[in-house]
Amino acid sequence: MNDNTGSDKPRIAVLGLGHVGLPTALGFVEMGWEVIGADDDASKIAMIQSGQSPFYEPGLDDLLARGLTSGRLKLAHSVEGAVREATILFVCVGTPQKDSGEADLSQVEAIVRVVARNLNGYKLIVEKSTVPAITARWIKKTVARCAKPDDKGKLPAEFDVASNPEFLQEGRAIENIFHPDRVVVGVETGRARELLEQLYQPLGCPILVTNICTAEITKHAANAFLSTKISFINMVADMCEAVGADVSQVALGMGLDPRIGTQFLSAGIGFGGYCFPKDLRAFMYLGYEHGVDCGLLREVENINLRRIERFVKKLREAVWVLQGKQMAVLGLAFKGGTDDIRESPALCIVKTLLGEGARLRVHDPQAMTASQHEMPAQAGRLEYCSSAYEAANGAQALLVLTPWQEYRELDWARLHELMEVPVIVDGRNLLDPNVVRAAGFEYVDMGRSHAMEPDLGEPKLGFILGEIRTVEGREQPPSCSLEP
Ligand code: UGA
């Protein structure tokens, strides 16, 4: 297939080089495609061009270095140029939310108008950013309106719109791009289908071809379902705490049923990030607009919002007065493996505690720069520390707010010595209670209370598998590999 550039393969443009766009662009380059990455932020383009990723994502710097030396990656801050040179246009701009919860699609519309004005040959416009259902209809209408038809009403060139939602997770983006569980493409012409299948077939994963609206809804439904799983387990965590059960074991016991699955059942301070909270609200807004009852999702959101007060209540119960208390905070990012602090529950807790007059010494392996930008240091109130040990020095409690694996491996004896009062409140159930208790800490977590654990004695012929304990004579669970 030829595009207007004369190349024998259609050229790809990725419009918007954020957390979705940049890994997507580099992924296609790695797969052998010629890609033009465009973003109207000239400083971001300069940074990428110099081999530096504008955000932290494991493996991205290496992929960028390879992309730059391959000769197949071109960077531009002119979206116009990228549109004119390419055939397949991935729209990866931000879709932030308005106060109402509705998605703000102004960046999408702006891109679409540029496409319309530069329709110099066939274009396949692919929605990659998460957009509400029926966005494709507006894209088509906008291109048709703005592309200046001739006297006979004919557009300068043909175009198609498709939806190809992204399911990548920050912190695992590269793995997700090359080994997706599935690819969903929503199309309405054979030409669009063929082009997208040509791109994704080499990945060897299932490709689900649907109509456009179905693909759009699939993305919203997937994120809403995963958010629901998290709020569900957080509700169960409260129940476990009330009766003296252990939510990690409950999650495992449930999750070993393949109909449920063990993933996304980690209880804690709730979900954050740029996607789940925003997409949940946008999905509810869509329901509201179309008269669909989304009460279930409202409760998912409410449970999530209450996790912050739940954590602060626990903290109060553990340390009593917050005013003036010096505490160490481990973790600021919305999850481990990223420097992203958008809608981070950790940051929300930090702000709440500062409001209560606590004195915080905080640390995060990657998110310190972004956090300092959002919440500048305040002498004696909020101090950024270069290590967990520095943060813990003199602290009267240590709070774990982001599940960074490296925090699991801290030297607890050293921390015990450094802290004034050895109390840990673990908002992510990250630490091994036995390890930290053995090091002399008072330890509080989110629903793994061992207070009422019956004394089963040492397992005899039984075994301990992850967190499952079986004793002689009882049926043993199937062996399985457990997620960290
Ligand atoms: C999420 C989805 O997982 C991706 O499939 C999707 O492509 C992406 O949104 C998107 O729409 O762009 P991401 O926001 O990177 O990816 O992060 P997740 O790994 O899904 O975690 C979201 C939040 O849930 C984090 O705050 C995390 O700590 C929390 N979480 C996750 C839990 O509290 N418990 C869990 O068991 C899992």
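**Exercise 1. Find which residues are closest to the ligand, and how many surround it.**

*Solution.* Start with the neighbours: 20 residues surround the ligand, where a residue counts if one of its heavy atoms lies within 4 Å. The closest are Phe-167, Leu-168, Gln-169, Glu-170 and Lys-219. Next, sort this shell by class: 9 residues are nonpolar, 5 polar and 6 charged. Here Ala, Val, Leu, Ile, Met, Phe, Trp, Tyr, Cys and Pro count as nonpolar, Asp, Glu, Lys and Arg as charged, and the others, Gly among them, as polar.

A word on the model: it is predicted, so local features need pLDDT of at least 70 and side-chain atom pairs pLDDT 80 or more, while totals for chains, interfaces and linings use all residues. Residues are numbered from 1 along each chain as its sequence is written, and side-chain values use heavy atoms, without hydrogens and water.

**Exercise 2. Work out which backbone atoms lie by oxygen atoms of the ligand.**

*Solution.* Take the residues in turn. A polar backbone atom of Leu-168 is 2.8 Å from a ligand oxygen. For Ser-266, a backbone N or O atom also sits 2.8 Å from an oxygen of the ligand. At Gly-272 the distance is 3.0 Å. Finally, consider cover: the ligand alone exposes 710 Å², and the protein buries 92% of that (Shrake-Rupley method, 1.4 Å probe).

**Exercise 3. Decide which helix gives the most to the shell, and describe its span.**

*Solution.* Helices are DSSP runs of H or I, at least four residues, numbered from the N terminus. Both α9 and α11 (276-289) supply at least two shell residues; α9 gives the most, with 3. Now follow α9 along residues 212-243: its 32 residues reach 47 Å from first C-alpha to last, close to the expected 46 Å (1.5 Å times one less than the number of residues). After α9 comes Gly-244, with a positive phi near 90°.

Note on methods:
Polar contact = N/O pair within 3.5 Å; in protein donor to acceptor, adjacent residues only side chain to side chain.
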